[in-house]
Amino acid sequence: MEKPGRLAQAKPREDAALLRLIADNVPTMSVAYDENLCCLCANRRFAEFFGLTTVSVVGKHLREIIGEGPYQEIKPYFDRVLEGHRATYKRTRVIDNGELRHLEVELIPHIGQDGCTQGLFAVTTDVTERKRAEEQLRDANEQLQMLIQSSPLAIYTRNRDGLLTSWNPAAEKMYGWKAAELLGKPLPSVPDEVRAESDGLRM
């Protein structure tokens with residue numbers, strides 16, 4: 001039978017192991033710094049992003065982890081958090097394989113029971129894939145608009161409220177109304193024969 005003392009010692013170790021397991025499997029990079037901006041602990045995702053381990057990163061200064069140039073750029077945010085305020089910022093970083101990564105960082109002050117700032121927590125989200133998707137969608141929309149504007153067919157688009165959002169040159173020629181007169185407004189009444197001719201072309 002286990003002695004009570006051994007059980008009491010095992011519980012903190014089990015809790016620490018569970019916390020480490022959770023931290024290493026969240027999709028964000030997390031790190032804690034003391035008031036001097038030296039790393040207290042970090043999850044695996046953060047350490048590996050900077051070519052370190054969860055052991056070797058401990059004790060390193062923020063400047064040493066990210067480099068002098070980036071450190072000088074983001075230092076004002078950290079200074080603000082050490083004064084007790086939250087802060088967020090965005091930055092990019094080129095990793096070892098030359099790939100550009102887009103990062104969003106949230107800084108949270110660690111306030112002690114005495115009301116003084118004892119350090120801070122930094123949570124970094126890699127939003128590279130999201131930005132790529134947004135850029136691809138934007139490019140696709142721009143290409144679609146180019147096709148609509150250059151089409152010989154009369155094409156117009158409406159939102160869910162029935163208000164016109166686009167009105168191409170061919171529609172201007174067919175209906176006689178300029179886009180500047182109609183955008184943001186409901187489609188005006190037109191003769192039945194013109195509406196029937198264009199019904200299959202609207203989007």
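Mentor: Contact here means heavy atoms within 4.5 Å. Helices (H or I, at least four residues) and strands (E, at least two) are DSSP runs, numbered from the N terminus. The model is predicted, so local features need pLDDT of at least 70 and side-chain atom pairs count only at pLDDT 80 or more, whereas totals for chains, interfaces and linings use all residues. Residues are numbered from 1 along each chain as its sequence is written, and side-chain values use heavy atoms, without hydrogens and water.

The helix is H4, residues 68-82, with a kink of about 50° at Ile74, shortly before the proline Pro76; the bend is the angle between axes fitted to the seven residues ending at a position and the seven starting there. Ile74 is also buried, as are Tyr71, Phe78 and Val81 of H4 (buried: under 20% relative accessible area, with a 1.4 Å probe and protein chains only). An α-helix has 3.6 residues a turn, so residues three or four places apart point the same way. The buried residues of H4 pack against helix H3 (62-66) and against strands E1 (29-34), E3 (87-94), E4 (100-111) and E5 (117-126). After H4 comes Gly84, with a positive phi near 105°.

Over residues 190-203, however, pLDDT stays under 50, and the model has 22 contacts beyond four places in sequence for them. Where pLDDT is low, the predicted coordinates should not be read in detail.

Terms used. pLDDT = per-residue confidence, 0-100. Buried < 20%, exposed > 50% of the residue type's maximum accessible area, 1.4 Å probe, protein only.
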